[in-house]
Amino acid sequence: MAKTNPGRFFEDYTVGETIYHAVPRTVSGGERALYHALYPARHALYSSDEFARSCGLPASPLDDIAAFHVVFGKTVPDISLNALANLGYAEGRWLKPVYPGDTIHSTSEVIGVKQNSNGKSGVVWVRTRGRNQRDEVVLDYIRWAMVRKRDMNAAAPETVIPTLKPALGASDLVVPEGLDFTNYDFTLAGEPHRWGDYAIGEKIDHVDGVTVEEAEHMMATRLWQNTAKVHFDVGSRPDEQRLIYGGHVISMARTLSFNGLANAQVVAGLNGGTHANPCYAGDTIKAWSEVLDKAETTAPGVGALRLRLVATKGGEPFTLKGEDGKYLPHVMLDLDYWALIPR
Amino acid sequence: MAKTNPGRFFEDYTVGETIYHAVPRTVSGGERALYHALYPARHALYSSDEFARSCGLPASPLDDIAAFHVVFGKTVPDISLNALANLGYAEGRWLKPVYPGDTIHSTSEVIGVKQNSNGKSGVVWVRTRGRNQRDEVVLDYIRWAMVRKRDMNAAAPETVIPTLKPALGASDLVVPEGLDFTNYDFTLAGEPHRWGDYAIGEKIDHVDGVTVEEAEHMMATRLWQNTAKVHFDVGSRPDEQRLIYGGHVISMARTLSFNGLANAQVVAGLNGGTHANPCYAGDTIKAWSEVLDKAETTAPGVGALRLRLVATKGGEPFTLKGEDGKYLPHVMLDLDYWALIPR
Amino acid sequence: MAKTNPGRFFEDYTVGETIYHAVPRTVSGGERALYHALYPARHALYSSDEFARSCGLPASPLDDIAAFHVVFGKTVPDISLNALANLGYAEGRWLKPVYPGDTIHSTSEVIGVKQNSNGKSGVVWVRTRGRNQRDEVVLDYIRWAMVRKRDMNAAAPETVIPTLKPALGASDLVVPEGLDFTNYDFTLAGEPHRWGDYAIGEKIDHVDGVTVEEAEHMMATRLWQNTAKVHFDVGSRPDEQRLIYGGHVISMARTLSFNGLANAQVVAGLNGGTHANPCYAGDTIKAWSEVLDKAETTAPGVGALRLRLVATKGGEPFTLKGEDGKYLPHVMLDLDYWALIPR
């Protein structure tokens, strides 16, 4: 038993330490094909090498959310194996596209800890960085989770709560090197709407829905080498239901958002996100978006939209929280991100 | 809501116009591997680069039916999102193999329209062409579908019914450049039967069956970026059943036909096809074939068989229609195609 | 009917003959990605090209068990289509890694036959070899199966029972050319335990479990072009359950064994294996291992562990057989193999 990984507990995290996550991963056209099989992914920049070249990139990158999953998956054995809840994300920035052939590894720096008043658990904040084989950072984000203590009598660490930006500013975003939307082909991309056609406050119902299956979410979650047992083993929870990886819901909602946001090609920033309610096999995921902000960038023809992306199971579109300020039961995800779109 | 694609309705089609379909797609070894995971695909030319080279091709192409799916999938948002029925195919010709690394896009020319007598819908005929990154046509076929009208009061267009060949002649078929079956290895291919061993009228029961699952047909359908919601969302139909994409049944039947037609390697022509009855998860697909015609080609060692391919769920092999001339309820697919086989 | 493959029956095997199996297969990054989607595969040498290079290999190979499946799958139509039981394996040796781009084909030499006393079936022993496009043997193993007779009156062949090694010695193992663990990165690999940290007799509970689904095992089994109908067609067995391919259980158990054996990177030898009880969709697979032997190799930094790998559904870890010497009902697999691990 001593040889297996029990995961870290709250008292195992020290502010300032860097955790080197295991199992680097080389991606290929196989990961891209699987992403298209598991999600209704249609953003042209991630579907066609030719389209990507016409936008100044050397080839079609791996979907940005897939890159997130690869980086995130490596952190699970060290960060969230004993997590009671995944509480939030902040300051996520995609710094370099990931291409087939790239090898990704991850590290996390502990940037905050706060023991809960019950003495049984605490909140851990980490800044995770994914790097490619040239040690270039491809993705950088903060997340925090509530983690169990191993020893209830362990002393509480000094509380350190990091200062987090409520949202990235447009100047924080990194546009992929070479990206140029001046000759963007709206017909091939699938919709005519450009940056100027979206107004702050505008809401879009993405209409389509997908009823999810056990085999699909397990394949997706394994592909990213996420090992949290609640996703795979019916015996790991009293209700004998497999809890679907929150990232599966993110990918499903983001790809469903093609219908109305086909030109919001590049995910450049993650301002925040809440997994409001669990998702189980048999649920039908739908999505709606709200334009929260707009900004220009210095890259040719490239604008930015700050978007709220909400994933639901049932319920009316555009409903989010009840009068008590809590998420409604049919809301599974409330994500806040920046996307790059032709101006 | 105005930003999402409601699809085209019957009155939106004008004979002579060309529709440029969105979302070009680059295929890789990932699509090939998934095709082998989703279907019992064993035709050697599409499984082994070495075998393909021994037959004069530069490498193993993507399965011809998979190439069809890629081209077809792009047309769905423009052609069949509001379709009531997919009525038929004609004059389908595979003109160039699709290889890993190729990027495919599709266009459709409207070649016929006929409003139904009920005034609520009409039939639209389109000629769809899939092209690669060199703008070479890889596949060319006609299909027609019954499409809803948006406005029941819209005037009926002038009826144009295209003249369709009931079947391609052998001289219409395009043999892939370089294909040479003179040194064909029947042992590696899996069966000894060559062109001369098949007789017109001969029927073959392919014996094997596959019970289909929701996760599989959805993964397949998404892989081809087919977005028709009836395949994915249990809420999209009153019976709360997901209707399986007809192309999934085609691929399953064609790959099952390996057992008895292992050497009918290349799909070169599509004469016609009927999706006679729906397929649902839990159905067990079996297949039988009938040799409809035989022809020689000018390529070295290459003959052609015209085959009927029938997919069933239950029922006796070789049964097709009842005394009333209608398809029996267990018949799901009646496909008429040309395959290339060593002479 | 005469064109389909009925499979071979017991009386069709002659000691000394070589069977050339059909359908060579080129593998790519697609197969690697699917292996990671279907199993919780995390051994770093098979996940990262960079890690593989740091260990002296040119790139990350296809997982050794996946290579086994590719070789094995080709033999099914000739060896086990009419098998009543897959009885055992012996003397399996991985001789060359399989890389993306390689094309694999298989042959089997009949090395033993023994008719059963009931006269209705017999045991066939074959030595199967998988070869790449350079005709290099990549894998070599013996298996035996109980096969039905076609004609109960066929005369019994002369009994030939091959002499099999109960286990390979360490000197029988072939270390992949260039493999060098002297600069092995234990942090990236995920665990600190090296060869010297494992003791003969030590048992490891791998803790994690996976509840298996129909879609997953069928996709896996098809990917290896294994055509045995019991895996796919609910109508092929009286209980209308699809029997899961034993190799699916092997891959699941081996990948689950990462947790405790993360550094047992390379599968180099297969000493034996028993599929003790069937696996069905809905079963939750867990695994435990026992260190059976240890050996050094002449390769730099490379040691070998002989491991028992047991896959279970329910039951207590480390339980294997009852007082009657028979496998307990929750034991599905008892595999005996050699793995290479840093010293």
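Is B:Thr255 buried or exposed? In this predicted model, B:Thr255 is buried, because its relative accessible area is 3% and the cut-off for buried is under 20%. The residue sits in helix α6 of chain B, which covers residues 246-256. When neighbours within four places in sequence are set aside, the contacts of B:Thr255 are B:Tyr35, B:Tyr39, B:Pro40 and B:Ala41.

A second example of burial is helix α1 of chain C, residues 29-38. Here 10 of the 10 residues are buried, so the helix is largely enclosed by the rest of the structure. Among them are charged-side-chain residues by class, namely C:Glu31 and C:Arg32, as well as C:Leu34, C:Tyr35 and C:Leu38.

Next comes the arrangement of the chains. Chain A can be superposed on chain B by a rotation of 120°, with 0.0 Å of shift along the axis and an RMSD of 0.0 Å. The two copies are therefore related as by a three-fold rotation axis. Within chain A, the C-alpha nearest this axis belongs to A:Gly30, at 2.2 Å.

How do the copies meet? They meet through different surfaces, because only 9% of the interface residues of chain A are also interface residues in chain B. The two sides of chain A can be taken in turn.

The side facing chain B involves 46 residues of chain A, in contact with 33 residues of chain B. The size of an interface is often given as the accessible area lost when the parts come together. For chain A and chain B this buried area is about 3000 Å², with 59% of it on carbon and sulfur atoms. Three residues, A:Ala37, A:Arg42 and A:Leu188, supply 18% of the area that chain A buries against chain B, more than any other three. Five salt bridges are found across this interface. One salt bridge joins B:Arg242 to A:Glu213, where the closest N and O atoms are 2.7 Å apart. There are also 19 residue pairs in polar contact between chain A and chain B. Several elements of chain A give two or more residues to this side, including α2 (49-54), β7 (203-205) and β10 (284-296). The element that gives the most is α1(A), with eight residues. By class, this side of chain A has 19 nonpolar, 14 polar and 13 charged residues.

The side of chain A facing chain C comes next. Here the contact takes 33 residues from chain A and 46 residues from chain C. Chain A and chain C bury about 3000 Å² between them, and 59% of that lies on carbon and sulfur atoms. Of the area that chain A buries against chain C, 24% comes from A:Lys3, A:Met219 and A:Arg222, more than from any other three residues. This interface has five salt bridges, one of which pairs the side chains of A:Lys229 and C:Asp208 at 3.8 Å, N to O. Polar contact is found for 19 residue pairs between chain A and chain C. On chain A, the elements β2 (25-26), α1 (29-38), β4 (103-115) and α5 (214-223) each supply at least two residues to this side. The largest share, six residues, comes from α5(A). By class, this side has 14 nonpolar, 11 polar and eight charged residues.

Methods. Residues numbered from 1 in each chain as written. Chains lettered and ligands numbered in written order. Predicted model: local features only at pLDDT ≥ 70, side-chain atom pairs only at ≥ 80, totals over all residues. Heavy atoms only, no water. Helix = DSSP H or I, 4+ residues; strand = E, 2+ residues; numbered from the N terminus. Buried < 20%, exposed > 50% of the residue type's maximum accessible area, 1.4 Å probe, protein only. Contact = heavy atoms within 4.5 Å. Buried area = accessible area lost by both parts, 1.4 Å probe. Salt bridge = Lys/Arg side-chain N within 4 Å of Asp/Glu carboxyl O. Polar contact = N/O pair within 3.5 Å; in protein donor to acceptor, adjacent residues only side chain to side chain. Least-squares fit on C-alpha atoms with pLDDT ≥ 70 in both.
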